[in-house]
Amino acid sequence: MRIGIIKTRWNEEHVNNLVAGIKKGLKECKVSDTNIFETSVPGSFELPMAARFLALTGTCDAIITTGVLIKGDTMHFEFIADAVAKGIMNIGLQTSTPVVFGVLTCQNEQQVKDRSTGDNNHGYDWGKTAVEMALLRTEALGGKKGEESKEMLAAMGFGKADEDSASKEKKSAFF
Ligand SMILES: Nc1c(NC[C@H](O)[C@H](O)[C@H](O)CO)[nH]c(=O)[nH]c1=O
Ligand SMILES: CC(=O)[C@@H](O)COP(=O)(O)O
């Protein structure tokens, strides 16, 4: 299983803490470092576009987008938070690659710290969510029922991740 992490350079220190949490969650799920692809974008607003580009490479079974939005003095926060949440959902649905919404939307810095450090690092849960959704995707697209979808996805450029899952015979647990 290969997982992509796209992180922002906005609020970099907090985001790096979240990424550490994500990697802890992935490690517990036996995802090796070599199967984690990591890249960065300027801010949260750029996450959906980058997630789309990465999904279209067909190299990841799931993608985690992570960033930190902190409320400022204007409506900027509200517009970005709404656009990013909807954008990330859309990319997952459009590409059939699960995209985890790993963006904290906080009123202040303390709220961020409370959710990105110690035992309440939300990144940890996002790592596990990505693995669960990647497995679900494999079940959905890698089994017999998924043959047609797989061909369609291959034609659209979703090659590698699907080839990997197709080469293993999997017993479906979800469907
Ligand atoms: N204020 C925050 C931003 N703002 C930047 C935008 O995300 C974007 O990069 C810019 O509007 C150019 O398109 N980004 C965050 O991730 N967090 C913030 O608190
Ligand atoms: C420009 C930004 O990304 C953001 O920080 C806006 O903050 P504010 O709402 O205080 O203008």
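The structure is a predicted model, in which local features require pLDDT of at least 70 and side-chain atom pairs count only at pLDDT 80 or more, while totals for chains, interfaces and linings use all residues. Residues are numbered from 1 along each chain as its sequence is written, chains are lettered from A and ligands numbered from 1 in the order in which they are written, and side-chain values use heavy atoms, leaving out hydrogens and water.

The chain contains seven helices and four strands, taken as DSSP runs numbered from the N terminus (helices, H or I, at least four residues; strands, E, at least two). Along the sequence these elements are arranged in the pattern β-α-β-α-β-α-β-α-α-α-α. Of the 175 residues in the chain, 42% are buried, where buried denotes under 20% relative accessible area, exposed over 50%, and partly exposed the range in between (1.4 Å probe, protein chains only). Among contacts (heavy atoms within 4.5 Å) with a separation of 6 or more, 77% are made by residues 24 or more positions apart. The chain exposes about 9,700 Å², of which carbon and sulfur atoms supply 55%; accessible areas come from the Shrake-Rupley method with a 1.4 Å probe, and for residues only the protein chains shown count as cover.

Strand 3 and strand 4 run parallel and are joined by eight bridges, pairing being assigned if DSSP finds at least two bridges between two strands. Within this pair, V68 stands opposite L104 of strand 4. Strand 4 (residues 99–106) is mostly covered, with six of its eight residues buried.

V68 also belongs to the surroundings of ligand 1, together with W10, N11, G43, S44, F45, E46, L69, I70, H76 and I80; a residue is near a molecule if one of its heavy atoms lies within 4 Å of it. Polar contacts are pairs of N or O atoms within 3.5 Å. A polar side-chain atom of S44 is placed 2.7 Å from an oxygen atom of ligand 1, and a backbone N or O atom of F45 lies 3.1 Å from an oxygen atom of this ligand. A polar backbone atom of V68 is 2.7 Å from a nitrogen atom of ligand 1. Taken alone, ligand 1 exposes 440 Å², and the protein buries 78% of that area. Strand 3 (62–70) and helix 3 (76–95) are the elements that give two or more residues to this shell, and strand 3 provides the largest share, three residues.

Ligand 2 is surrounded by W10, G72, D73, T74 and H76. An oxygen atom of ligand 2 lies 2.7 Å from a backbone N or O atom of D73, and a polar side-chain atom of T74 lies 2.4 Å from an oxygen atom of the ligand. The side chain of H76 has an N or O atom 2.9 Å from an oxygen atom of ligand 2. Taken alone, ligand 2 exposes 330 Å², of which the protein buries 59%.

Most residues other than glycine have a negative phi. K30, which is not a glycine, has a positive phi of about 70°; K30 is found in the loop between helix 1 (12–28) and strand 2 (36–41) and is exposed, with a relative accessible area of 74%. S96 likewise has a positive phi, near 60°. S96 lies in the loop between helix 3 and strand 4 and is partly exposed, at a relative accessible area of 30%.

How values were computed. Polar contact = N/O pair within 3.5 Å; in protein donor to acceptor, adjacent residues only side chain to side chain.
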